[in-house]
Amino acid sequence: MNILTEKFNTPYHAAPFNDIKNEDFLPAFKELIQKSEEEINTIVNNPDTPTFENVIEALAYSGEQLDVVSNIFFNLNSAETSDEIQQIAQEVSPILTEYSSKISQNEALFNKIKKVYDEREKYDLNEEQKMLLNETYKGFVRSGALLNEEDKEKLKKISMDLSVKSLQFGQNVLASTNAYFKHITNKEDLAGIPEAIVEQYAEEAKERNLDGWVVTLQYPSYIPFMTYAENRALRKELALANGKKSFDGGEHDNQNLIKELLHLKQQKAELLGYTDYADFVLEERMAKSPVKVFDFLNELLTKAKPYADKEIEELKSLAEADGIEETQSYDHAFYAEKLRKQKFDLNDEELKPYFPLNQVQDAVFGLAEKLFGLTFEERQDIPKYHEDVKVYEVKENGNYKSLLYVDYFPRKGKRAGAWMTSYKNQYQQNGENSRPHISIVCNFSKPTKDTPSLLTFQEVTTLFHEFGHALHGMMANTQYPSLSGTSVKWDFVELPSQFLENFCYEPEFLKTFAKHYKTGEVLPDEKIEKIEQSKNFMEGYQTLRQLGFGILDMNYHTKVGELEHESIKDFEDKYTKPTTLYPIHSETAMSPSFSHIFQGGYSAGYYSYKWAEVLDADAFQYFKENGIFNPEIAAKYKVLLSSGGTKDPMELYKDFRGSEPKVESLLKRAFG
């Protein structure tokens, strides 16, 4: 018996991590694909006249167990991977892509879908059912259902190649990140770095059976070094190592892979009748077209550039006082921290004792209770994939709502960054509301023997950000799994996450949880005031950095032809130049580790971070005007969260806010 092909015998049918073995995955995938194909065949071979129920709805509920096992496997590949899991991923990805292509190119199935779609006026469908029908039909067309047989085969091969190569991209970045570490034996080289961070470096060295200290390219290790290390030569060395990730000509180099991925995407777009991949992607986004995205990014660039230039001039003055003639990108974090301390007398390290992880988590849980009536109770009887993970049962008004897994600390098998994901979607069927299983994964500093995990203020906002995504998943209350939770237009998906970050800057809320882990002292008013004042510190620089990523992404997915006679480095330098504030270094490039667009789902979509900032600034402005815990507005926002993708996002937003979002809300928040 394969445990993965059975109904899980665990509380709430949670993933049975304790009993899953790596060798279970491949046979389970094969068996569940076969089972799902049988479900599809049942739909296709049904002799009754095609209807919404026996075609569209039946398809929406098919393959549920396969989805669950896919979620378990690919989440493990991100959060707790190994050489073995990565090898299985290489085998499984093309099988899943082939299965997906087989469904999307099943002519008999599509003919039934098309018949229902063409006769949609005769059905008495509610709003969600109309959306499901529309999305199903469009999904098949965008997957090649209207292509001839030869082109269907081409598209299938392209999809399989994209799946394998994007996976390879991520594995190369992880391997490249893990391959480098800086072993330091002279404590003077750590001058300027807070003692708690030095202790962290010592623990890392001990884990590697080395004396002294070890700095890695994992963010909780790398960022503090770049921020505090007085040794400029070492900052440069670390920055170059970070900038060479998968860009060093070695076995984990991604440059050729980028070109291959982009050419495959372009071929896919052209095959489906689109000018380029961005054109294909944006048809299904709030923004609708590449022109609209470029206009949006360039408008923000024009408005933010003067602020960014002014900020960099301030940093250069500080650096010049230290005898630095030409400030470099690897000086930025160090002098930004100095300037922040000078302006606000505030640094991350003095704030960290007020933000122990457990208190921040309690705060975000408390906020969810205040706004939405949710409570969180840790469960010890639900299996976990690593001892660091905790699992909570989430309830609303005493009733089970969701499971929430939290996984906070870095380790070798976990990719960098922070993300929210799900193990199981929410949906309703046969009178039962099947609730979701949601996960938050971060990379915060681990507790040491003397100190709990203490968060920088940026990490506090990161936890709120991911919890905002988690709320979107946990609050889901739709009929169909494909329209549930975070299954919304991509440029809408960051609204709930970025919205929640705003609470971190509200004094009345901060005071409820920002308390010194040793003394219990509440974060003093003057520090809270400085956090507020520093909220927009380096906002111009950060905006240009994000715009640089967004503009580069859009150019990659609209101008792929240029790469036939241009290197990745030259292409990147050319299109990021308008947003670049420091000299460009000849040995580094960020594209080869730009996982968001070459491994994640942000291809031709990175702009959506800024797009969603307009939404979140406008949404929070509504709360600010009426009280940040206003129950009526919270109730309206809860409807937005629970509706998932059942409605056009702009309509959903207008239902909540009463009007379309205004870019002025973001500019006002960012630059006053």
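Predicted model: local features only at pLDDT ≥ 70, side-chain atom pairs only at ≥ 80, totals over all residues.
Let's start where two helices touch: I40, I43 and V44 in helix 1 meet A108, L109 and K112 in helix 5.

How do the two helices lie against each other? Two packed helices are described by the angle between their axes and the distance between the axes. Here, helix 1 spans residues 22-45 and helix 5 spans residues 107-118. Their axes come within 9 Å and cross at roughly 55 degrees. An angle of 65 to 115 degrees would count as roughly perpendicular and one under 35 degrees as roughly parallel, so helix 1 and helix 5 are oblique to each other. The crossing of helix 1 and helix 5 is left-handed.

Now step back to the protein as a whole. Its secondary structure comes to 27 helices and 9 strands. Here are some overall values:

| Property of the protein | Value |
|---|---|
| Box filled by the C-alpha atoms, along the principal axes | roughly 80 × 60 × 55 Å |
| Radius of gyration | 25 Å |
| Residues that count as buried | 58% of 672 residues |

What radius of gyration would a compact globule with 672 residues have? The value would be near 26 Å, and the 25 Å of the protein agrees with that.

Among contacts in the protein with a separation of 6 or more, 73% are between residues 24 or more positions apart.

Note on methods
Residues numbered from 1 in each chain as written. Heavy atoms only, no water. Axes fitted to C-alpha atoms, helices over the stretch in contact; angles between N-to-C directions. Helix = DSSP H or I, 4+ residues; strand = E, 2+ residues; numbered from the N terminus. Parallel < 35°, antiparallel > 145°, perpendicular 65-115°, else oblique. Left-handed = near helix turned anticlockwise from the far one by under 90°. Contact = heavy atoms within 4.5 Å. Rg over C-alpha atoms; globule rule 2.2 N^0.38 Å. Buried < 20%, exposed > 50% of the residue type's maximum accessible area, 1.4 Å probe, protein only.
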